[in-house]
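Let's take a walk through this protein together.

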Amino acid sequence: MGPRTFHHFMDIIELQKLTRTYGDFTAVDHIQLSIRAGEIFGLLGPNGAGKSTVIKMLTTLLPPSSGTATIAGFDIVHQPGRVRAEIAYVPQLVSADGGLTALENLRLFAKLYGVPRRITNERIAGALKFAGLEEAAHRLVRGYSGGMVRRLEIALALLHRPRVLFLDEPTVGLDPLARQSIWEQIQRLVRELGMTILLTTHFMEEADTLCSRVAIMNRGRVKALGSPEELKLSLGISDASLDDVFTRYSEEQPETSSNFSDISQSRRSLVRLG
Ligand SMILES: Nc1ncnc2c1ncn2[C@@H]1O[C@H](COP(=O)(O)OP(=O)(O)OP(=O)(O)O)[C@@H](O)[C@H]1O
Ligand SMILES: [Mg+2]
């Protein structure tokens, strides 16, 4: 992936009282938040806190009930097409097709994202290299390890050169080595391509390693916001860890945490390719 130019926005993502309700239940409650260009920003919080709902709204897949957000200056409610051209999304569930090879998946996504035909081969070759999948390019994805699938999914999401990448639990179900390789891939996106990344994770070590700032959500609200170091210091105890921070700000648990359908759904997707 070669160098590229892009406009710098101080705040590339701005949530303005972003809200989503389901009937009487408020999943995301008037969130105000600004994310700077070039940041790796982490959304943390217990199951059901509203993290995926925020991401689905920012990626224009789910309309807000009220409030809005802008990405690279475009409004998610009024300019969803412009927003989509600037972003990529790797969902919590598996998104690559296990019945195709990496190369076939890449060709399919290049078409889907409207990558110009004359640069498609070059883009795909770059993507395979970036994901470390050159050797495996002609093998069916269903035979890949979890880490290889994730690396491919991130490469698929980048074919159209978005400025902002949304990663919903990028390392769930991965072994420590595979997790490490995803961390390196994410860090290179920021360093080499100047991307901005918003990710969710339940691994505090991951947030601590990757994120310049994190927001801890609970019951649809942001309970704490800052760099991992700032949040640890805010507890006022010596040697506080990000786990301590998470526990402190997630004390009131939503009644709906870890409902069965969420869990069975994510497990199904994890075994689907296995
Ligand atoms: N389509 C829906 N209808 C009703 N409630 C929903 C719907 N989608 C999500 N919710 C509820 O909204 C809340 C927030 O869900 P969300 O998936 O955003 O949480 P999360 O923080 O991503 O959790 P997890 O860590 O488990 O992925 C949950 O209580 C969930 O049950
Ligand atoms: Mg989620």
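Which residues of β7 lie on one side, which on the other, and are they buried or exposed? Val164, Phe166 and Asp168 sit on one side and Leu165 and Leu167 on the other, and all of them are buried. Here a residue is buried if 20 or more other C-beta atoms lie within 10 Å of its own, exposed if 12 or fewer, and partly exposed in between, with C-beta atoms placed from the backbone.

Before going on, some ground rules. This is a predicted model, in which local features need pLDDT of at least 70 and side-chain atom pairs count only at pLDDT 80 or more, while totals for chains, interfaces and linings use all residues. Residues are numbered from 1 along each chain as its sequence is written, and chains are lettered from A and ligands numbered from 1 in the order in which they are written. Helices (H or I, at least four residues) and strands (E, at least two) are DSSP runs, numbered from the N terminus. By that count the protein has 10 helices and 10 strands, and 40% of its 274 residues are buried.

Two strands pair if DSSP finds at least two bridges between them. Strand β6 (residues 87-90) runs parallel to β7, joined to it by four bridges, and Val90 stands opposite Leu167. Strand β8 (residues 196-200) is also parallel to β7, with five bridges between them; there, Thr200 is the bridge partner of Asp168. To get from β7 to β8, the chain passes through helix α6 (residues 176-193), making a right-handed β-α-β crossover. That is, with the strands pointing away from the viewer, the path from the first strand over the helix to the second runs clockwise.

Let's stay with α6. Its buried residues include Arg179, Ile182, Ile186 and Leu189. They are on the same side of α6 because they cover an arc of only 75 degrees around the axis, taking the directions from the helix axis to the C-beta atoms. A general rule is handy here: an α-helix has 3.6 residues a turn, so residues three or four places apart point the same way. Turned away from that buried side are the exposed residues Pro176, Leu177, Glu184 and Arg191.

What covers the buried residues of α6? The cover includes β3 (40-44), α5 (146-157), β7, β8 and α7 (204-210). After α6 comes Gly194, with a positive phi near 65 degrees.

Conventions
Contact = placed C-beta atoms within 7 Å.
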